[in-house]
Amino acid sequence: MAEVNWHTFFFLVAALAACGFAIAVVISGNIVRMAFYLVMSLGAVSGLFFLAGADLIGALQLMIYVGGTLVLLVFGVMLTSGGPFARMKTPRWQWALSIVLAGWLLAILLKTATSVDDWGSASVSRSHVPPEAAPTARAIGLALVGVRVDRLAQQNQDTQAGMAGYLLPFEIVSVHLVVVLVGAAYLARTKRRKQPAQFPQKSSTQSL
Amino acid sequence: MAEWLKGYLDPPWLAYLAAALLQCAVLLAVVMTAVAAFNWMERKIAGRLQDRLGPTRVGGRFGWLQSVADGIKLLTKEDIIPAGADAMLFRLAPYLSFCTAFCVFVAIPFTDKWVALRLNAAVFFILAVAGLEVFGVILGGYSSGSKWSLLGAMREAAQVVSYEVPMALCVVVVVTVAGTMDLVAIGKMQSGWFWDWLVFHDPFTFLTFWIYSTCAVASVNRAPFDLPEAESELVAGFMTEYSGFRWSVFFMAEYGSMLAVSILAAILFFGGWNGPIPLAGLLGLTPQHGPVAGFLGELLGAINTLGKGILGVGVMMWLRWTLPRLRIDQVMTVCLKYCIPLAAAMFVGAALWTYAFPGGLILPARAAPTEPAFPLAAAAHNAGEQ
């Protein structure tokens, strides 16, 4: 039998799953089913990341998109929908508009993808890839504190440092987001009544 | 393994396929056997703790056939889908839970060499995948078309999503101390005697373990945090409408994730495959003494890891049959007002500790065996500095 390239095979499986479920999200009318299809589609995208050796990005995709967003989405649907199994009806003009917009985006992406020469064929032979380019997250962490491991060979000190110095702004933004979330939860909760209801109402039982 | 199989199987792609399937089969076999054993263990522990009889008359010594009888019963039960349910999601939900609960084991190392997939960010991967189990439960509860199920699913969502935060913070404490997210490296750091375990590394990791175990019990919905099921209030919570095989799939997912969080605790805090006594090293079961000795050493390590995990599951069962169930507001209070601030304080403390005593306070901590990720780049960097 012919040689089976498992990498290609799993790439095709994950890519087909991502695209197929994405189309299913659009076609389906049931909101919770759409959420389920979205989970599968985003999960397949994370599979693509794992296939490319980007473990951290794949796990991030699972954690942030698949986990966080969709749990929140399901929460939103379950807390806000009026009846069981809420359905969404899309008017025809919205279909037309979205097809035009999506087609336009697809055309741009296809044009860009085919215009990159290196992507057409395997132009870099396997011997050129340095074996030490192990898929670790350390490079990302080092880049945040100002060392770009991929640019160490460069002589110019300024380009070698890359876009360093983003650690503190990054931390500030993330802490800011947490504060905003806590504030939103505080504002959204129901106001506590001044006098909470007394459960064993002594006066009434005594009168009996 | 694929390289070794290539010598026996003719086309190389078949060798890769066989290697992958073999690893899947081994993992599945270990976890499924563990699930069957936990089923029996649960009954026995419940019987001991609550003065029940437990399985005594089912065939076999100590009633071990009870699990088999349970399995046959579940398989032969009628499979019911409620008329008001969303049939497709109702069917899919248990498998979603099951798959995510079992995916976790792909990244869990049983010894430093016996790991299906050594990920650089294994801890993060495990937390991310384990957090997805809730989605199957929510879908199951929602698609059942029943109020009990929906209430159970809502509780599950609130509880699990909240408890993921302190649990992740606890894991971050260990990651800070270890300096890596690679579980194999974290395990290797703790090689030696039990005082090399990270739980005894400093007071903060010691306290972090207790917070982690609280959050782990809550995140797998075991009593006293089993609000999503809550037999006495919600019939069976999100599983009310499930019967037969689908119910047992949820059940297997629950036991699978119990084992996963326990093994994760064993690796993060209790040395994983490094026993209280370095038995394999003392007996000379290392690869230096030949392949057989090396294999026996690895086997001992895997038994060690699994044993610690099973001990953790046993403690969860002990808790379940000892403590009464909390109320939902109490569950959320424990998480938001106690676990998260405590875990955050432990994180700051552990960070300060590693800053103040980089080599450990009394015993010099073993440096993490970090192989440089970019030897070429590191060399270039050093050359540039000189």
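The expected span of a helix is 1.5 Å times one less than its number of residues. In this predicted model, helix α9 of chain B, residues 203-219, has 17 residues and reaches 24 Å from its first C-alpha to its last, close to the 24 Å expected. Of those 17 residues, 13 are buried, and α9(B) is thus described as mostly covered. Just after α9(B), Asn221(B) takes a positive phi of about 60°.

| Helix | Residues | Length | Span, first to last C-alpha | Expected span |
|---|---|---|---|---|
| α9(B) | 203-219 | 17 residues | 24 Å | 24 Å |
| α13(B) | 291-320 | 30 residues | 43 Å | 44 Å |

The span of α13(B) is close to the expected value. Its buried residues include the glycines Gly297(B), Gly301(B), Gly309(B) and Gly312(B). Also buried in α13(B) are Glu298(B), Asn304(B), Thr305(B) and Lys308(B), together with Val313(B), Met316(B) and Met317(B).

**Chain B as a whole**

Chain B contains 15 helices and 0 strands. Of its 386 residues, 48% count as buried. Among the contacts in chain B with a separation of 6 or more, 77% are accounted for by residues 24 or more positions apart.

The largest nonpolar core has 122 residues. Those with the most contacts inside this core are Val104(B), Ile108(B), Val123(B), Phe125(B), Ile126(B), Val174(B) and Ala260(B). Helix α11 of chain B, residues 244-269, gives the most to the core, with 18 residues. As for Val123(B), its contacts beyond neighbours within four places in sequence are Val171(B), Val175(B), Met181(B) and Leu183(B).

**A buried glutamate**

Glu241(B) lies in the loop between α10 (231-234) and α11 of chain B. Glu241(B) counts as buried because 23 other C-beta atoms lie within 10 Å, where the cut-off is 20 or more. Leaving aside neighbours within four places in sequence, Glu241(B) is in contact with Pro82(B), Ala85(B), Ser144(B), Ser146(B) and Ser149(B). Gly145(B) is 96 residues from Glu241(B) in sequence, and the two are 8.7 Å apart in space, C-alpha to C-alpha.

**Domains of chain B**

Chain B is divided into domain 1 (1-76) and domain 2 (83-369). Contact between them involves 14 residues of domain 1 and 17 residues of domain 2. On the side of domain 1 that touches domain 2, α2 (12-49) and α3 (66-76) of chain B each supply at least two residues. The largest share of that side, 11 residues, comes from α2(B). By class, the side of domain 1 that touches domain 2 has 11 nonpolar, 2 polar and 1 charged residues.

**Chain A and its confidence**

Chain A has 8 helices and 0 strands. Buried residues make up 14% of its 208 residues. Of the contacts in chain A between residues at least 6 apart in sequence, 44% join residues at least 24 apart.

The mean pLDDT of chain A is 74, and 60% of the residues score at least 70. Within chain A, confidence is highest in helix α4 (residues 92-115), at a mean of 88, and lowest in helix α8 (residues 202-207), at 48. Where pLDDT is low, the predicted coordinates should not be read in detail.

Definitions and conventions. Residues are numbered from 1 along each chain as its sequence is written. Chains are lettered from A and ligands numbered from 1 in the order in which they are written. This is a predicted model: local features need pLDDT of at least 70, side-chain atom pairs count only at pLDDT 80 or more; totals for chains, interfaces and linings use all residues. Helices (H or I, at least four residues) and strands (E, at least two) are DSSP runs, numbered from the N terminus. A residue is buried if 20 or more other C-beta atoms lie within 10 Å of its own, exposed if 12 or fewer, and partly exposed in between; C-beta atoms are placed from the backbone. A nonpolar core is a set of buried Ala, Val, Leu, Ile, Met, Phe, Trp, Tyr and Cys residues joined through C-beta atoms within 7 Å. Two residues are in contact if their C-beta atoms, placed from the backbone, lie within 7 Å. Domain bounds come from an automatic or database domain assignment. Ala, Val, Leu, Ile, Met, Phe, Trp, Tyr, Cys and Pro count as nonpolar, Asp, Glu, Lys and Arg as charged, and the others, Gly among them, as polar. pLDDT is the predictor's confidence in each residue, from 0 to 100.
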